[in-house]
Amino acid sequence: MISAQTPPLLHVEHIEKYYGSPGALTKALDDVSFTVQAGEFISIMGASGSGKTTLLNCISTIDTVSAGHILLDGQEITTIGGEEIAAFRRDCLGFVFQDFNLLDTLTLEENIALPLTIGGILPEEIDRRVHEIAEKLDISDTLQKFPTQVSGGQKQRCAFARAVVCDPKLIMADEPTGALDSHASRVLLEVMSTYNQEMGATILMVTHDAFCASFAGRILFLKDGRIFNEIYKGEKSRSTFYHEILDVLSLLGGDAPC
Amino acid sequence: MLRKLSLRNAKRQFSEYALFFVTLACAVAFMYAFNALLFSDIVKALPEMEILPYLIITASALIILIMGWMIGYMIHYMLKRRSREFGIYLMSGIPNRKLATLLFYENCLIGLIAFGLGLVFGMLFSQILEAVLLNLFGLPYTLHFGFSVSAAGLTFLYFTVMMLSSISRDRKWIRRVQLRELLYYDRRNEKAVVSGGKAACLLFGLSVLAGCGGCLFLALQPIGDGYDVLCGTVLLLLFLFGFFKSVPAYLCARFGNSPAWKYKKHRLVPLRGFIAKINSTSTVMGVLSILFMLAFTFLGIGSMIGLMVTKNVESGAFDVMILHSGEMGDFSRFDSLLRQEYAADGHHYGIYTNGETDFRIVREQTVIEAGREPSLLFAEFEYDTCMAQSDYLTLRELLGYEHLELEPSLCYVHCVPTMAEGVRTLIEGQSGLECGGYAFADDGVFTEVFGQVNEYGNGYGYILVVPDSAVKEMKLVYSVYAAVTEKPLNTAELEQLTSLCENTVSLDRGIAKSNFDGAPTLFYGDWDFLSGKWMDKAGYGYLYAMLICLIYLALVLEMTGAAILATQVLGDWQEKQRQERILRQLGMDARMMSGLRHRQLAQLFLFPLIPALIISGSFLLICDQKMLFGFFEFPPAADIVLIGQSFAVTLLLFSLLYGVYYAAARISFPLSPSG
């Protein structure tokens, strides 16, 4: 259970993001504020174009904000520049993407080891950590295979293993089940959920899939760049929570529920 | 509509494959420039150049084959990359026949642009080539811009053959191809990612053994009679085949399974990228390696020919030498003409013999020690040759050498540097050694360039410098007029000299006349024979023709290989951008990224080059040795030094052109947007 008294790991404060030229501005994010406690599994939902991915990109330093502040573990990340961004991403963030973003020329083992090699960790330590995480995610048997030789589900578990192998402060997932079948999606979400509960990992997941979102502990709904609603799972069962999500989505009038 | 589409596609192709088109244009430029030599009146007037047209046509035939392959490969490569685009055209209702026509128009348009551009550069390059050629013969060059219709026509013929043969193959393919095949063409050609295997490692080991064996055969020649070259070549070809087929699997097995190695120093991504690339292009890499091997070998042989000719001309020392057999000739007409026309300073003197062979034996030993067989001796050099001290000192002064205080009652020796040690040993070791009754000075061996490397100079290999009074008792072998001019004499001026002075002919070292006692001589009749460094140089026309053709071939081969390599690298830019984006997300900083990019590019550029350098290095070692053995009985420096010099020049020239393509690939590679 996460205590409300502990200072938040992530503090998003009145952020705004504009695109376009001065004559034709598009407001992608409009005064968005929220906090995330360490160890939380939080999902961001919304229709296409609601600003979910923009928000994730701003938090992950892939994009910049037009106004506002984002603090991760007390550190202002909107002002980080140059070489510090690389170090920040390496040490504090883990990414999982819809299209896996694995390097096809590396084996799954090497893909998982990649952020550790960039960080200059000793080879023995890399080997130990890779095998440990692979064991947890049940992909030990496929470590010597290349991404083209394994299933989508295995690829995404490998991508998740790569995201968590450095033990980052925040794991961000952008539509992680978007390219998976229902079985592989469920397996991955269970892995993420277990990892959150057992290891206390903080996960921020963007999705438009209600089933996927039902694995999170809290959901933020975005509409037209603003936070429209926020719901907690609390002690509810996942099935009840799923239906609650569908209700909110129908209120939003956005994408058809999955 | 179809023409509009062709035009737009050609424009897009042009920007995407700029390096390929520039190479095509350069090839046209080279072809035009070398063809222009065939039709140039100035070149036709050069001596000993009758062989040049045959060599250029042979080289051009080889170039048509190689460039034809390159064009075919590149067009097919581009076609493969555009297979989806062609699939969409078919889906849009354009029939295969029209698509083939579209492709034909596109390639013709690109070819015509490259041809036009090449002709313009070719005109410029032909002038540079002509200037270089005239300079080799010491003739003045005047800048003139002329367009040779015949050369352009011949170039167009070559170019058309190359383009049409390449395009027609793809035209046939696109006429037959199915829509599904086009849409999934890239997937169909995907090769499985390599993993280490025992068989591949064994093949790699065997190929390396074959490579070492081939080099050893060529270097040591244990069998003799040319079988070594045959065995060596077969082994080296086996090495090339096995190496490129097995190296990805070997690298994978050797390094891919070793976390301690691959996880250090950011080796992982370049190692795996490299293995994947060479696995999918092993045949192309093998062909590139052969192209570079041929280019380096041709360039190396050309460089050695150039070096040998230069050294030989330098060793001539005197600009003009007039020789007269058996008696002291009347050289006054030469002296006055040369002084008047060419501000020359000259001296005439006699070459005598004492009838002894003490130093001749040293010369023969030196030749044998240098790994050569002593050549058939000319009659004039059967015995030791001598000159008077006063003549020697005058000649030294003429050449600007340091003045010597010679003891009038002692003998000295002036010889080529390679003989000096043997001569000193003889003088020190043989007590009572004398010439014409005079002893030899203890420290009296001189080795400056003195016109002794070729026969009929100041002796052959050596000359004994004896007191003036000693030569009075000796037999005069031939007399010499040696002169140093203010500026080099070209072929026309040398011809003028022989025509103005009656009874004068050029000394032809290729034609010897037999004597009654058996030893041949170059002297015949009562003639004066014109020799000297510029005369020697003019006689090497056939070598210059070879040199030009070898450079021509080397340039086109290297350019072809480097262009394919650079296009291969640039063709992967989308994949590389994706890789960089992922690495950036994982926290790789800009400096590391730049280092990675640099390393990956360098690996690809070095990979086909290293085996090529090893093989061509072995070939060159043998060729250079054989050429030096045949050309110099007394090399002006140790063979290994000359080979080293030639190798350094070759490496420099090769690296310059290769470096241009490397830099072009480095600069042209689109960087992924930061963020």
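**Helix α5 of chain B.** I went through helix α5 (residues 83-91) of chain B and listed its buried residues: Ser83(B), Glu85(B), Phe86(B), Gly87(B), Tyr89(B) and Leu90(B). This is a predicted model, and I read it as such. I recalled that an α-helix has 3.6 residues a turn, so residues three or four places apart point the same way.

**Domains of chain B.** I noted four domains: domain 1 covers 1-190, domain 2 covers 192-280, domain 3 is made of 283-316 + 540-675, and domain 4 covers 319-531. Between the C-alpha centres of domain 1 and domain 4 of chain B I have 56 Å.

**Contact with chain A.** I turned to the interface and found 29 residues of chain B and 27 residues of chain A in it. The two chains bury about 2600 Å² between them, and carbon and sulfur atoms account for 61% of that area. I logged 6 residue pairs in polar contact, both residues at pLDDT 80 or more. The salt bridges between the chains number 2. I looked up the one between Lys262(B) and Glu110(A), where the closest N and O atoms lie 2.7 Å apart.

Which helices of chain B supply at least two residues each to the side that touches chain A? I found α12 (259-262), α13 (268-280), α23 (573-585) and α24 (590-606). The most comes from α23(B), with 7 residues. Sorted by class, I count 14 nonpolar, 7 polar and 8 charged residues on the side of chain B that touches chain A.

How values were computed. Residues numbered from 1 in each chain as written. Chains lettered and ligands numbered in written order. Predicted model: local features only at pLDDT ≥ 70, side-chain atom pairs only at ≥ 80, totals over all residues. Heavy atoms only, no water. Domains from an automatic or database assignment. Buried < 20%, exposed > 50% of the residue type's maximum accessible area, 1.4 Å probe, protein only. Helix = DSSP H or I, 4+ residues; strand = E, 2+ residues; numbered from the N terminus. Contact = heavy atoms within 4.5 Å. Buried area = accessible area lost by both parts, 1.4 Å probe. Salt bridge = Lys/Arg side-chain N within 4 Å of Asp/Glu carboxyl O. Polar contact = N/O pair within 3.5 Å; in protein donor to acceptor, adjacent residues only side chain to side chain. Nonpolar A, V, L, I, M, F, W, Y, C, P; charged D, E, K, R; others polar.
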